[in-house]
Amino acid sequence: MLWTPELIRYLEGAPWPATKQELIEYAKRIGAPPEVIQNLEELEDSDEEYNGIEDIWPDYSPEDEDDYLYGEEDEY
């Protein structure tokens, strides 16, 4: 499983909290790339709900997103 900011953006509008299966169905419904669906399918099988993106990608921080995309030294 490899999440990137570009892939995780497809889940920003997901109906949180959501189960793994609900997230997969949402991703398919919005036409997310196969990588997003594959990442979701690799989540642990459980009926537990995820409360947000941080639950499926603990290293994600919206504040750091620009650094992921442009690097810390790049100017906009």
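Helices α2 (residues 20-29) and α3 (residues 34-41) pack with their axes within 9 Å of each other, crossing at roughly 175°. Axes here are lines fitted to C-alpha atoms, for helices over the stretch in contact, and angles run from 0 to 180 degrees between N-to-C directions. The two helices, α2 and α3, are therefore roughly antiparallel. Angles over 145 degrees count as roughly antiparallel, under 35 as roughly parallel, 65 to 115 as roughly perpendicular, and the rest as oblique. On the α2 side, the contact involves K20, L23, I24, A27 and K28. On the α3 side, V36, I37, L40 and E41 take part. Contact means heavy atoms within 4.5 Å. The residues of this contact divide into 6 nonpolar, no polar and 3 charged. In this scheme, Ala, Val, Leu, Ile, Met, Phe, Trp, Tyr, Cys and Pro are nonpolar; Asp, Glu, Lys and Arg are charged; the others, Gly among them, are polar.

The model is predicted; local features need pLDDT of at least 70, side-chain atom pairs count only at pLDDT 80 or more, and totals for chains, interfaces and linings use all residues. Residues are numbered from 1 along each chain as its sequence is written, and side-chain values use heavy atoms, with hydrogens and water left out.

The protein chain has 5 helices and 0 strands. From the N terminus on, its elements run α-α-α-α-α. Helices (H or I, at least four residues) and strands (E, at least two) are DSSP runs, numbered from the N terminus. Of the 76 residues in the protein chain, 37% are buried. Buried means under 20% relative accessible area, exposed means over 50%, and partly exposed lies in between (1.4 Å probe, protein chains only). The protein chain exposes about 5100 Å², and carbon and sulfur atoms supply 42% of this area. Accessible areas come from the Shrake-Rupley method with a 1.4 Å probe; for residues, only the protein chains shown count as cover. Among contacts with a separation of 6 or more, 62% join residues 24 or more positions apart.

Side chains of opposite charge can pair when their charged atoms come close. The count comes to 1 salt bridge, defined as a side-chain nitrogen of Lys or Arg within 4 Å of a carboxyl oxygen of Asp or Glu. The partners are D45 and K20, with their closest N and O atoms 2.4 Å apart. This pair links distant parts of the chain, 25 residues apart. D45 sits in the loop between α3 and α4 (53-56), while K20 belongs to helix α2. D45 is exposed, at 65% relative accessibility. K20 is buried, with a relative accessible area of 9%.

T19 is found in the loop between α1 (5-8) and α2. T19 is buried, at a relative accessible area of 15%. Leaving out residues up to four places away in sequence, T19 touches D47, E48, E49 and Y50.

Helix α1 holds L7. This residue, L7, is buried, with a relative accessible area of 12%. Again leaving out residues up to four places away in sequence, L7 touches L2, P33, E35, V36 and N39. L7 and E35 are 28 residues apart in sequence and 7.5 Å apart in space, C-alpha to C-alpha. P34 lies in helix α3. P34 is exposed, with a relative accessible area of 62%.
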